[in-house]
Amino acid sequence: MKRLIVGISGASGAIYGIRLLQVLQNCAEVETHLIVSNAARQTLAMETDYSLRDVTSLASVVHDVRDIAASVSSGSFRCHGMVILPCSMKTLSAIVNSYTDDLLSRAADVTLKERKPLVLCVRETPLHLGHLRLMTQAAEMGAVIMPPAPAFYHRPQSVQDIVDQTVNRVLDQFDIQLEQDLFERWQGSKP
């Protein structure tokens, strides 16, 4: 069984994290450990029709963002890695500066120190130099910076198609294969 820590921060794009949990709920080989930031609670309410209870019901295990003593706060917690989807600049800054004042940033810090994959789906635009430097530092520390930038080669017909492509690509980072991909992968140019 693969354990994956899933963080949802307060950045816009909460639907990405929700969809990731929905997809992983159907993967018997993946156990999800969810951390929702306080700001994400507000974003969920503003951007979606999902309640916090709806979202937490999608995870195998839910951890309170204030619980610094949770299992995922320790390097002895065995897991496959962590994704923060979406990842706010505040959360990125906390991770880069090892400012672990909540469970979301602590779990990310532990993931890095244990040399496990940490995928940060940074959601902000435009980016100023401070944002770019933080992303560079995170990458230098071993994180994968993966903004949820839509692709169009699969000819998406809806917002759901765009979200699904990003979610599937995030799962690729952890070598989690779905029975059927959520989008049509690039097949190369056709003559």
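**Cysteines and pocket**

Tutor: Gladly! The sulfur of Cys27 is too far for a bond, because the closest cysteine sulfur, in Cys121, is 16 Å away. Keep in mind that this is a predicted model, where local features need pLDDT of at least 70 and side-chain atom pairs pLDDT 80 or more, while totals for chains, interfaces and linings use all residues. Residues are numbered from 1 along each chain as its sequence is written, and side-chain values use heavy atoms, without hydrogens or water.

Searching the whole structure turns up zero disulfides (cysteine sulfur pairs within 2.5 Å). Cys121 is in none either, its nearest cysteine sulfur being that of Cys87, 8.0 Å away. Cys27 is buried, at 7% relative accessible area (buried is under 20%, with a 1.4 Å probe and protein chains only). Cys121 is buried too, and its value is 0%.

Helix 2 (38-47), helix 4 (89-96) and helix 5 (103-113) each supply at least two of the lining residues (helices are DSSP runs of H or I, at least four residues). Helix 4 gives the largest share, three residues. By type, the lining has five nonpolar, six polar and four charged residues, with Asp, Glu, Lys and Arg counted as charged and Gly as polar.

Terms used
Buried means under 20% relative accessible area, exposed over 50%, partly exposed in between (1.4 Å probe, protein chains only).
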